[in-house]
Amino acid sequence: MTTAYPTIEELKSQAKRLRQAMETRGTAISHGAALELVAQQHGVRDWNTLSALATRPNEEPIAALSVGAKVRGRYLNQTFSGKILALSAHGGGLHKITIHFDEPVDVVTFESFSAFRQRINAQVDGNGVSPRKTSNGVPHLVLDI
C-alpha cells in the first residue's frame, strides 16, 4: 500500500515541535538534526528522501485498508470475516495482503472431503478483488470494501 506523507510544511512543523520539546528537556538539537529525526520517524533514511516523497502526489490507498483492520468478503466463494495481518504495494496496481480468518474456511467443494484455511496470502487490486480466478471465472478473493 502506498504511504501518504504529510506536506513539507507539516513535516517542518513536526521538526520544530520536536526541537522545542528536546530543548525543554535539556537536550538542544539543531533544526537539521530534528528534520533527520522526523525522517527516521516516518521510516525513511534522511530528510532529503522524506521531502521528495512528501512533494509527490499521494496515491489513493486501497479503500483505507490497513494492517489490523477487520475485513469481510468471499474467499473461494466462501464468506469470511477476518483481520489484515500484512498489506503492501506489489506493483501494477496490485497489493499483497495476508488475512487471518476469524473462523477457518473450507476451500473444497466436495461433500466427502474438506480442507480448511484460516490464514491466506493473496493479491488484490484497488477494489479488493483478486486477479486470480477459479476455473468457473470467480475471483479467488473479493473483499467487501
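Predicted model: local features only at pLDDT ≥ 70, side-chain atom pairs only at ≥ 80, totals over all residues.
Figure 1. Strand 2 and strand 3 pair in the antiparallel sense. Eight bridges hold this pairing. Strand 2 covers residues 78-91, and strand 3 covers residues 94-106.

**Figure 2. Glycine 92 sits in the hairpin of strand 2 and strand 3.** Two residues lie between these strands. Glycine 92 takes a positive phi here, near 65°.

**Figure 3. Strand 1 pairs with strand 2.** The two strands run antiparallel, with six bridges between them. Strand 1 spans residues 70-75. Tyrosine 75 stands opposite glutamine 78 of strand 2. This hairpin also has two residues between its strands. Leucine 76 takes a positive phi near 50° in the hairpin.

**Figure 4. Strand 3 also pairs with strand 4.** Strand 4 holds residues 116-124. Eight bridges join strand 3 to strand 4, and the two run antiparallel. Take isoleucine 97 as an example: its bridge partner in strand 4 is alanine 122.

**Figure 5. Tyrosine 75 and phenylalanine 101 form an aromatic pair.** How many aromatic pairs does the count come to? The count comes to two. In this pair the ring centres are 5.8 Å apart. The planes meet at 50°, so the pair is tilted. Tilted pairs fall between the two cut-offs, because planes under 30 degrees apart count as stacked and those over 60 as edge-to-face. The pair links distant parts of the chain, 26 residues apart. Tyrosine 75 belongs to strand 1, and phenylalanine 101 belongs to strand 3. Are these two residues buried or exposed? Both tyrosine 75 and phenylalanine 101 are buried.

**Figure 6. Phenylalanine 80 pairs with phenylalanine 101.** This aromatic pair is tilted too, with 40° between the planes. The rings lie 4.6 Å apart, centre to centre. Phenylalanine 80 is in strand 2 and phenylalanine 101 is in strand 3, so the pair ties together parts that are 21 residues apart in sequence. Why do these residues count as buried? Buried means under 20% relative accessible area. Phenylalanine 80 has 6%, so it is buried. Phenylalanine 101 has 0%, so it counts as buried as well. Ring pairs link Tyr75, Phe80 and Phe101 into a cluster.

**Figure 7. The largest pocket has a lining without charged residues.** About 160 Å³ of space lies in this pocket. Which residues line the largest pocket? The lining is made of Leu76, Asn77, Val107, Thr109, Thr134, Ser135, Asn136 and Val138. Of these, three are nonpolar and five are polar. Leucine 76 is also the residue with the positive phi in the hairpin of strand 1 and strand 2.

Figure 8. The protein averages a pLDDT of 86. A score of at least 70 is reached by 91% of the residues. Where is confidence lowest, and where is it highest? Confidence is lowest in helix 3, residues 47-55, with a mean of 83. Confidence is highest in strand 1, at 94. Strand 1 is the strand that holds tyrosine 75.

Note on methods:
Residues numbered from 1 in each chain as written. Heavy atoms only, no water. Phe/Tyr/Trp six-rings, centres within 6.5 Å; stacked < 30°, edge-to-face > 60°. Helix = DSSP H or I, 4+ residues; strand = E, 2+ residues; numbered from the N terminus. Buried < 20%, exposed > 50% of the residue type's maximum accessible area, 1.4 Å probe, protein only. pLDDT = per-residue confidence, 0-100. Pairing = 2+ DSSP bridges. 1 Å grid on protein atoms, 1.4 Å probe; cavity = no way out; pocket = protein on both sides within 12 Å on 5 of 7 lines; lining within 4 Å. Points joined across faces, edges and corners; volume = space filled by probe spheres on them. Nonpolar A, V, L, I, M, F, W, Y, C, P; charged D, E, K, R; others polar.
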